[in-house]
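Welcome! Please take a look at the sequence and the 3D view below, and then read on for a guided tour.

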Amino acid sequence: MTPTTPAAEPDLLYSEDEDALRAAVRALLADRCGPATVLAALETGRPYDPELWRSLTSEIGAAGLLVPEKFGGQGAGPREAAVVLEELGRAVAPVPYLTSAVLAVTALLGCDTDRTEVAGPLADLAEGRTVGALAVPLPTAPGGTGPATVRADADGALTGRVTSVADAAGAGLLLVPAEGPDGPALYAVDTAADGVCTEPVTPLDLTRPLAHVVFEGAPGRPLARGERARAAVERALRTGAGLLASEQLGLAEWCLTETVRYTGERTQFGRPIGSFQALKHRMAALWLDVASARAAARNAADALAGDGPDAPVAVAVAQAYCAPVAVRAAEECIQLHAGIGMTWEHPAHLYLKRAKTDELALGTPGRHRDALATLVDLAAP
Amino acid sequence: MTDAADLRRRTAELLATHPPTRRPAPPLAEGPAGPHLWSDTDRLDFLRARFDAGLAWVHFPEGLGGLDAPRSLQAVVDAELAAAGAPDNDPGRIGIGLGMAAPTILRYGTEEQKQRFLRPLWTGEEVWCQLFSEPGAGSDLAALATRAVRDDNGNWVVDGQKVWTSSAHLARWAILVARTDPAVPKHQGLTYFVCDMTDPGVEVRPLRQITGEAEFNEVFLSGVRIPDAQRLGAVGDGWQVARTTLMNERVAIGGARSAREGGMIGVAAAAWRDRPELRTHDLHRRLLTLWVEAEVARLTGERLRQQLSRTLNSVRAGGTPTGQPGPEGSGMKLAFARLAQQISGWEVEFLGEDGLTYDDWTLRRPEGVDFTGREAGYRYLRAKGNSIEGGTSEVLLNIVAERVLGLPPEPRTDKDVAWKDLPR
């Protein structure tokens with residue numbers, strides 16, 4: 001007998017509404033976020049593309065998908081947000097969607113939304129007026145975040161340092177897990193406030209900027225305390241990890257599609273190189289990996305949407321599986337493109353850097369497998 | 001449109017008219033407990049009634065064991081019948097009939113053929129086997145050499161040799177592909193037949209495998225007579241018909257629906273839980289990786305089924321696709337074979353000293369195939385066949401690359417040459 005039983009029948013397909021949402025996001029990205037645009041913006045120092053973000057949030061409403069309508073959102077859910085992430089991954093789009101519209105939004109949803117201190121920023125994030133970030137190191141895995149590195153005093157003044165926070169440099173609002181006078185708590189801090197300093201670091205993935213954040217008596221507004229604060233952060237990390245699988249799926253799919261296209265056109269030895277079995281077998285194997293990643297990612301999104309007891313297993317399975325698939329797809333993309341894949345002008349390196357960073361983000365595959373050992377009763381020796 | 005509630009009602013009616021009252025248990029030696037307690041007559045009566053009620057395979061047409069219902073609703077019927085303790089048709093024993101012959105007959109058979117063959121096929125009264133592979137035609141199946149020649153009455157006389165034929169020693173019927181025109185390129189000269197395995201020209205010899213068993217057979221065909229009424233599809237269309245069978249075979253091998261920890265990974269996980277003294281960190285790390293891959297393979301199969309079911313429903317609503325498994329089924333079989341081999345290899349290693357032993361090398365002829373049956377050594381050896389039977393993994397990768405991804409084919413020297421002129 002298995003200790004946990006999956007939901008009776010997960011819906012692993014896409015609905016018509018989800019297909020329509022995908023088409024809208026894809027059209028926007030095709031228009032405004034082509035590989036040449038992303039490449040050109042890489043070294044400008046801008047943390048993200050503000051016009052693209054505005055279109056994504058105000059025209060499509062993508063930032064509010066996880067937020068109920070009464071708080072200014074779209075009242076959709078993780079399945080729809082996952083579709084947006086697939087498309088953003090496919091375009092390696094430099095926008096703070098995962099960090100603001102998923103991690104920060106979910107953390108806020110875990111707090112008491114009847115309070116204006118919570119509902120206010122939630123509406124701002126949902127409508128894209130504010131960019132938010134959950135102040136945790138990007139590699140943090142769900143399930144055991146450890147003690148916070150920031151301390152809060154009785155007046156809510158925060159002191160401490162959080163390393164490697166994704167999209168912090170472009171954020172206006174930070175949600176900061178801190179050790180307060182009465183135990184763990186979650187605070188809201190404006191990045192413009194006195195006592196907040198973000199120190200950008202040079203990231204491996206230039207499309208998702210990283211910064212260390214230093215708090216020196218920064219003014220924090222308490223959002224949740226104790227178990228509620230811990231659970232809100234945990235839920236955000238789990239939702240983020242589960243939906244990151246869809247970003248990884250989109251990334252991997254782009255790599256496969258481009259590689260198939262290129263090897264079908266590139267001719268050596270008088271034949272398209274894609275006709276050689278040594279190459280086509282690698283692409284066929286990758287196709288299977290990508291098809292499997294889609295099932296795993298859809299299952300995680302569906303489990304998060306249903307909020308059932310199997311969601312932790314579905315998320316851990318999706319991350320343990322999809323993260324290496326995205327890396328493998330990006331690595332194969334470079335190898336099968338050969339020389340041209342090694343150049344800065346070809347976008348393949350953007351996908352490799354994002355895929356490798358995503359592999360570490362929100363828990364490595366190994367961390368998620370460790371979590372499964374407990375979840376499905378396969379104890380370590 | 002038939003829905004779940006309707007199927008439950010029909011299932012209840014079937015159970016009311018054919019209550020599954022079990023007989024007293026026979027002496028122990030006669031078989032395991034459970035549905036096998038039914039006498040053969042009662043069991044067959046029930047299965048025939050189930051077929052006639054359209055509850056055999058609900059996605060089949062009315063009058064042929066189905067109700068034109070979505071394929072996914074079969075689970076509703078199966079669950080109700082299992083809960084009532086009703087007998088099943090022992091699908092492991094008649095897998096080739098159910099998984100390969102039936103979908104092909106449904107698609108290409110005449111009305112008479114469907115009426116004649118499908119009911120006893122489904123109830124298991126008539127076992128089927130598949131006469132496809134030959135000593136000289138494995139991956140290159142279309143090169144097969146078994147000849148079918150028309151006699152003066154328009155019927156057929158078949159001569160040749162087939163191999164890797166599971167259940168040939170039990171079978172009443174076979175699906176057969178034979179060459180009817182050697183003077184055209186190999187794919188164009190084939191015709192598909194239903195062959196009577198009781199014909200005096202059919203000789204079946206066991207073929208012993210690396211497991212020690214003879215699950216397969218060699219089949220020698222000498223002057224076997226086949227009436228033209230047992231031809232499936234047009235003369236010369238055999239390859240097209242066979243492709244339907246092969247696509248379904250891949251789904252049948254790799255696409256069996258399973259619960260979490262179904263199949264080989266369930267055996268390995270149970271072993272891990274039962275034998276804490278054998279655990280090592282290295283084996284733990286590998287088991288978790290395999291567990292994740294098996295769970296994802298299960299979900300991928302489930303997603304493929306959901307897609308097929310949606311396509312089938314859209315066809316009913318006036319859409320065009322066929323509802324037959326596409327080349328994606330090849331992908332499922334690839335994943336299944338790789339995992340079965342890796343997990344069974346893991347298990348032998350995990351068992352330590354017990355992994356050094358084998359339960360029994362005696363030559364036997366099992367009635368069906370059970371990939372997870374017997375002991376770890378058997379499972380490991382039998383799994384080696386998973387990447388060979390029903391299309392080698394290498395051929396399946398070509399199919400995925402060319403038909404799914406649209407990559408250019410290898411240059412071919414045999415496509416436009418008459419079969420008789422090919423080097424052999």
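Accessible areas come from the Shrake-Rupley method with a 1.4 Å probe, and for residues only the protein chains shown count as cover. By that method chain A has an accessible surface of about 14,300 Å², and 54% of this belongs to carbon and sulfur atoms.

Before going further, some ground rules. This is a predicted model, in which local features need pLDDT of at least 70, side-chain atom pairs count only at pLDDT 80 or more, and totals for chains, interfaces and linings use all residues. Residues are numbered from 1 along each chain as its sequence is written, chains are lettered from A and ligands numbered from 1 in the order in which they are written, and side-chain values use heavy atoms, with hydrogens and water left out.

**How confident is the predictor?**

For the complex, the predictor gives an ipTM of 0.96 and a pTM of 0.91. Each residue also has a pLDDT, the predictor's confidence on a scale from 0 to 100. Chain B averages 90, and 90% of the residues score at least 70. Residues 25-36 of chain B have a pLDDT below 50, and beyond near neighbours in sequence this stretch has seven contacts in the model, where a contact means heavy atoms within 4.5 Å. Over residues 319-323 of chain B, pLDDT also stays under 50, and the model has nine contacts there beyond four places in sequence.

**Chain A as a whole**

Helices (H or I, at least four residues) and strands (E, at least two) are DSSP runs, numbered from the N terminus. Chain A has 11 helices and 10 strands. Its C-alpha trace spans about 75 × 55 × 40 Å along the principal axes. The radius of gyration is taken over C-alpha atoms, and the globule rule is 2.2 Å times the number of residues to the power 0.38. A compact globule of 381 residues would have a radius near 21 Å, and chain A agrees because its value is 21 Å. Of the 381 residues in chain A, 60% are buried; buried means under 20% relative accessible area, exposed over 50%, and partly exposed in between (1.4 Å probe, protein chains only).

Two strands pair if DSSP finds at least two bridges between them. Here are the pairings of β4.

| Strands | Bridges | Direction | Residues standing opposite |
|---|---|---|---|
| β1(A) and β4(A) | three bridges | parallel | A:A133 and A:L174 |
| β4(A) and β5(A) | eight bridges | antiparallel | A:P177 and A:L186 |
| β1(B) and β4(B) | four bridges | parallel | B:C129 and B:A174 |
| β4(B) and β5(B) | seven bridges | antiparallel | B:A178 and B:T191 |

In chain A, β4 (residues 173-180) is mostly covered, with seven of its eight residues buried. β4(A) forms a hairpin with β5(A), with two residues between them.

Why is β4(B) largely enclosed by the rest of the structure? Seven of the seven residues of this strand (residues 173-179) are buried, so the rest of the structure largely encloses it. In a regular strand the side chains alternate between the two faces of the sheet.

**Where the chains meet**

Contacts link 51 residues of chain A with 43 residues of chain B. Buried area is the accessible area (1.4 Å probe) that two parts lose on being put together, summed over both. Chain A and chain B bury about 3,900 Å² between them, 68% of it on carbon and sulfur atoms. In chain A, the residues that lose the most area to chain B are A:L13, A:W287 and A:L378, together 18% of what that side buries.
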